[in-house]
Amino acid sequence: MAQYKNIGSALIHGGISTDAYTGAVNVPIYQTSTYQQSALGETPKWEYSRTGNPTRAALEALIAELEHGRAGFAFSSGMAAITAVLSLFQSGDQILISGNVYGGTFRLLDKVFKHFNIGYSIEDTTDLASLESKITPQVKAILVESPANPLLTITDLAGVAKIAKKHGILSIVDNTFMTPYLQRPLELGAHIVVHSATKYLGGHSDVVAGLVVVNDDALAQKMAFIQNSTGGILGPFDSFLLIRGIKTLGVRLDRHVENARKAAEYLKDHKAVKKVYYPGLADAQGYEINKRQAKNGGAMISFELYENYDIKKFFQSLKLIALAESLGGVESLVCHPASMTHAAIPYEVRQKVGITDGLIRLSVGIENIDDILADLDQAIAESEE
């Protein structure tokens, strides 16, 4: 991104932003499965769209530039991206993961990769000394989210990267909640960054996609082999949609975060709210660390109501904010992690890490903030018993 002083310009002009053949200011949708070759035995740039496609290549170059990485890879979903990353490991390897991670990531490790004898251990990644003490010869990676889903827990990413390099293992960061506009883990020393691009990068709840960025050529070669071999690639039309979404990421996130700050302050001061989780609040866990490694607190909030409020009535009473899976779209969305996004995590594990049955997760959209707060207010009032 050396040619751009600000990431806001790179969002629009980064990577491959024009078409080399026509000069079109948007890379076209190369909706093809294969390519005519000029002669037998030659190695063409494009041969088959699982291996490479110009529209997908433009997206991959863009996310690599935005994350300041060596190479980017686009997949058909965030889970396909995580699956590709976990395919780097071998039987007998162990991975340390954050205490509260996306339920799909936990399910993938617990129900799929364990069949290949790739194990995991849930650790408090906010305690670096304790984390380092858990590293054994079998541990090959540390996988973290910061802010973590759904309690917005902050982990010192530079600290984790330092530990990983000391022990010769990989540090992997799921940067979905922040995006490179707010946080760049590779600059903090991480080896691999993963995104559910379905969320803020796409931004309009109209595409499902995953992205991976790596920090060196050796990892890039391995990821390219895995991507081509396993085939979970993003199609050209969805790649086009994602490039289009990324162009407005800066202006969207500025509004998302502005609204989230106001919503967090509102919830913090509300008599019905027992606890607010938002890393942009000065008294939040990891506030100072987040200030060092991220631009701001992001736009995700979790909170709990007091026991005399019925959360089922709260969800039913919302009019503007939709009860739905996912996050990061222009519309405000709310969910119940214990029964939705994190239902795959066993009850006792959820309780141990703090994902209670009363936890509510709010993805703050870009609607008028007064309308968002009014909807929260009336739904809370309706839920009082």
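Biologist: Which residue of S6 does Ile-172 stand opposite?

Modeller: Ile-172 faces Ile-192 in S6. Strand S5 (residues 170–174) and S6 run parallel, joined by three bridges. This is a predicted model, so local features need pLDDT of at least 70 and side-chain atom pairs count only at pLDDT 80 or more, while totals for chains, interfaces and linings use all residues. Residues are numbered from 1 along each chain as its sequence is written, and side-chain values use heavy atoms, with hydrogens and water left out.

Biologist: What makes S5 and S6 a pair?

Modeller: Two strands pair if DSSP finds at least two bridges between them. With three bridges, S5 and S6 pass that test. The names come from DSSP runs numbered from the N terminus: helices are H or I of at least four residues, strands are E of at least two. S4 and S5 pass too, since five bridges join them in the parallel sense, with Glu-145 opposite Asp-174 in S5. S2 and S4 are parallel as well, over four bridges, and there Ile-97 stands opposite Leu-143 in S4.

Biologist: Which order do the strands of this seven-stranded sheet have, and what kind of pairing?

Modeller: The order is S1-S7-S6-S5-S4-S2-S3, in an open sheet with mixed pairing. Strand S1 (71–75) and S3 each have a single partner, so they are the edges, and one side of each has no neighbour in the sheet. On average, neighbouring strands here are turned by 20° against each other, direction ignored. H4 packs on this sheet, touching strand S2 (94–98), S3 and strand S4 (139–145), and its direction makes about 140° with that of S3. Touching is contact, meaning heavy atoms within 4.5 Å. The angle is taken between N-to-C directions on a scale from 0 to 180 degrees, using axes fitted to C-alpha atoms, for helices over the stretch in contact.

Biologist: What makes S4, H6 and S5 a β-α-β unit, and of which hand?

Modeller: S4 leads through helix H6 (residues 157–166) to S5, and the unit is right-handed. That word applies if, with the strands pointing away from the viewer, the path from the first strand over the helix to the second runs clockwise.

Biologist: How do you know that H4 is largely enclosed?

Modeller: Seven of its ten residues are buried, so the rest of the structure largely encloses it. Buried means under 20% relative accessible area, exposed means over 50%, and partly exposed is in between (1.4 Å probe, protein chains only). The buried residues of H4 include Gly-103, Thr-105 and Leu-109, and among the elements covering them are helix H3 (78–86), S2, S3 and S4. S4 is largely enclosed too, because six of its seven residues are buried.

Biologist: Why does Gln-183 count as buried?

Modeller: Its relative accessibility is 1%, under the cut-off, so buried it is. Gln-183 is in the loop between helix H7 (179–182) and strand S6 (192–196). Leaving out residues up to four places away in sequence, its contacts include Glu-67, Asn-175 and Gln-293.

Biologist: How many aromatic pairs does the structure hold?

Modeller: Five. Take Phe-106 and Tyr-120: their ring centres are 5.5 Å apart and their planes are at 80°, so this pair is edge-to-face. Phe-106 belongs to helix H4 (residues 103–112) and Tyr-120 to strand S3 (residues 119–123), so the pair ties together parts 14 residues apart in sequence. Rings of Phe, Tyr and Trp (its six-membered ring) pair if their centres lie within 6.5 Å; planes under 30 degrees apart are stacked, over 60 edge-to-face, the rest tilted.

Biologist: Are Phe-106 and Tyr-120 buried or partly exposed?

Modeller: Phe-106, at 3%, is buried, whereas Tyr-120, at 21%, is partly exposed. Phe-113 and Phe-116 also make an edge-to-face pair, with 6.1 Å between centres and 65° between planes. Phe-113 has 6% relative accessibility and is buried; Phe-116 has 52% and is exposed.

Biologist: What makes Lys-275 sit over the ring of Tyr-277?

Modeller: The rule asks for NZ of Lys or CZ of Arg within 6 Å of the ring centre and within 35 degrees of the ring normal. The charged end of Lys-275 is 5.3 Å from the centre of the Tyr-277 ring.
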